[in-house]
Amino acid sequence: MTTIHALATALADAFLVGHGWHRTDLVDRGGLVLGVRRRWLWPVVDAALVAYPHPPRDRPRELAAFLTTLDPLRAAVIAARQHGRPIVIRTRPVAPTRTVRSPWHIPLIDTVGTLAAMLDLSVEHLDWYADRRAMNRRATDQRLHHYHYRWADRGRLIEAPKSRLRALQRRLLAEVLGPIPIHSAAHGFVPGRSAHSFAAAHTGRPVVVRVDLLAFFASIPATRVYGLFRTAGYPEPVAHTLTGLCTTRTPHPVLRRAPTDLPYRAARLAVLRTGHLPQGAPTSPALANLCAYRLDRRLTGLADAFEITYTRYADDLAFSGDLTTRRVNELLAAVTDIAVDEGFRIHPGKTLVRGRADQQLLAGLVVNQHPATPREEYDRLRAILHNAARTGLATQNRTGHPDFVQYLVGRVLWVGHHHPTRAAKLATLLAQALAAP
C-alpha cells in the first residue's frame, strides 16, 4: 500500500523534472507518475504553486514534506485504503537538483553524483562513507567503523577518522570549507591567526575573564552542519551527504566504555549519541568555527555593549576590559544565556576572573604585559635542554615521545615566540642538546 510519504516524494520529484512550472505542466507530470490524472491532483498542484511560485530545485525533500500536509493528497490515500483500491506509483522520476544560490566562492555541486565525481568515488562508495543509513553506528565489527575511538585525558573522546575518510575530509576542508569566511573573533584553527593573536587582544587589561564551553565539538549537531551547507547554497541531497561525511554518531559500545567519573556524563553521552562533529576529524575545527559564527557575532555585540574586548580560541571565550565585580556577574549571566540559546553549555568549573595583581592566563599564555608562556614553563624546558646536553636526549624523554626532537623544536618555538631573549637562550641549549652524544 502506497504511503502518504512515498506518494508525496514521487510527486515532488515529478513536479521538479522538466522546465515548465505551470499548472498543466505539473498535473501532466503527476499523471505520468500515477498512470492517470486524478481529480485530486489539481488542488494539490494549485497549493504547491501558491507555496512555491518558483520551482524549489534545491529542495525536493522540503517540497515532498509540504505535499504530505495537503488535505486532498492525504484524503486520497486514506480513501484508497478504505476502499481497497491502492494508489499505484507507475514511475519514479528522480529530479535533478542544482545549486540555486552561492554566497561564497565555493565549488558548485549540483547533485550527489557531482560530489562523488569530485571526490573520485562512485555514488555507492560515497553513500558508504557518508553513512546516511547509520550502518557505521550500528555495526558491531570495529572494522566496519569509519573512526578509531579513544577516551583520552579529561574525559575527551577522540574520534579519529580512518585513512580514506580522513583524506576525503581534507579535500572538503581545502575545497569547500576553506573559502567560507570565519568571524573575526575566532582565532583557533584559522590561517593567519593563533593562540598568540587570541591572547594579544587582552594584553594589559584591568580584568580578564575566561569562559570555557563544555564538549565544544560534540555540542554542534549534524542539523547545524546541514544548515551551514544549505546556507552555502548546496541542494538538500548534497548538503545531507556532505553532513554525513563530516559528522558521526558514536557507537553504543564506545559510549559504554566512557569513564564512570566523567564530568557531566549524562549530558556528554547524550550529544555523542546523536549526529555531531567528531573531535579528531580535520573538518571539525573549521566547521565548529563556521557553526559558531552567530555565537561569535552575538558575543561581540555583548562585548561592545560592555565596552570590552571579546575573542574565542576553540572552546575558550575571553573577555577583557575595565569591569567591576557587579559588571562581571552581569557579563557572565549574559554570556551563559547566549551560549545556551546557541546550543552550547558553559563549563562552570572553568570560569576564571583575574585582575592585574593575578596571573592572567589565556590559551597557556600570560597576558599581564605581553603574551608569553609562564616563567615556570620556560624554566622547565630550559632544564630539560640543559640536562639533555649533559646526559643525552633519551634520558630526558620521560614520557616516551615518539619524535622527541621535533617535540623539543616545537616547544622551543612556542616558548620563544615574540620573546627574543628566551628564544636565543633556548635555541643555544637545543643546539647543544642535539650535538650531545
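Visitor: With which residue does Arg 312 form a salt bridge?
Guide: This is a predicted model, in which local features need pLDDT of at least 70 and side-chain atom pairs count only at pLDDT 80 or more, while totals for chains, interfaces and linings use all residues. Residues are numbered from 1 along each chain as its sequence is written, and side-chain values use heavy atoms, with hydrogens and water left out. A salt bridge requires a side-chain nitrogen of Lys or Arg within 4 Å of a carboxyl oxygen of Asp or Glu. The closest N and O atoms of the pair are 2.8 Å apart, and the partner of Arg 312 is Asp 296.

Visitor: How many residues apart are Arg 312 and Asp 296?
Guide: Helices (H or I, at least four residues) and strands (E, at least two) are DSSP runs, numbered from the N terminus. Arg 312 belongs to strand β4 (residues 309-313) and Asp 296 to helix α16 (residues 293-306). The pair thus links distant parts of the chain, with a separation of 16 residues.

Visitor: Are Arg 312 and Asp 296 buried or exposed?
Guide: Relative accessible area decides this: buried is under 20%, exposed is over 50%, and partly exposed is in between (1.4 Å probe, protein chains only). Arg 312 and Asp 296 are both buried.

Visitor: In which element does the salt-bridge partner of Glu 342 lie?
Guide: The side chain of Glu 342 meets that of Arg 298 in a salt bridge, 2.8 Å from N to O. Glu 342 is in the loop between α17 (325-341) and β6 (352-355), 44 residues from Arg 298, which lies in helix α16.

Visitor: How many residues apart are Asp 379 and Arg 375?
Guide: These two side chains form a salt bridge, with closest N and O atoms 3.1 Å apart. Asp 379 is partly exposed at 27% relative accessible area, as is Arg 375 at 46%. Both lie in helix α18 (residues 375-391), and their separation, about one turn of the helix, is 4 residues.

Visitor: How many salt bridges are counted?
Guide: The salt bridges include a network that links Asp 58, Arg 59, Glu 62 and Arg 230. By the distance rule, the count is 16.

Visitor: Which residues form the uncovered face of strand β1?
Guide: In a regular strand, side chains alternate between the two faces of the sheet. In β1 (residues 147-151), Tyr 147, Tyr 149 and Trp 151 make up the covered face; the uncovered face consists of His 148 and Arg 150.

Visitor: Which residue in the turn between β1 and β2 has a positive phi?
Guide: Two strands pair if DSSP finds at least two bridges between them. Here 5 bridges join β1 to β2 (residues 157-161), and the strands run antiparallel; Trp 151 has Leu 157 as its bridge partner. The two strands form a hairpin with 5 residues between them, and the turn residue with a positive phi, about 60°, is Arg 154.

Visitor: How many disulfides does the structure hold?
Guide: A disulfide is a pair of cysteine sulfur atoms within 2.5 Å. The sulfur of Cys 246 has its closest cysteine sulfur in Cys 291, at 9.9 Å, and therefore too far for a bond. Cys 246 is buried at 1% relative accessibility, and Cys 291 at 9%. The search of the whole structure gives a total of 0.

Visitor: Which residues does Ala 314 touch?
Guide: Ala 314 is placed in the loop between β4 and β5 (316-321) and is buried, with a relative accessible area of 10%. Contact means heavy atoms within 4.5 Å. Not counting residues up to four places away in sequence, Ala 314 touches Gly 188, Phe 189 and Phe 216.
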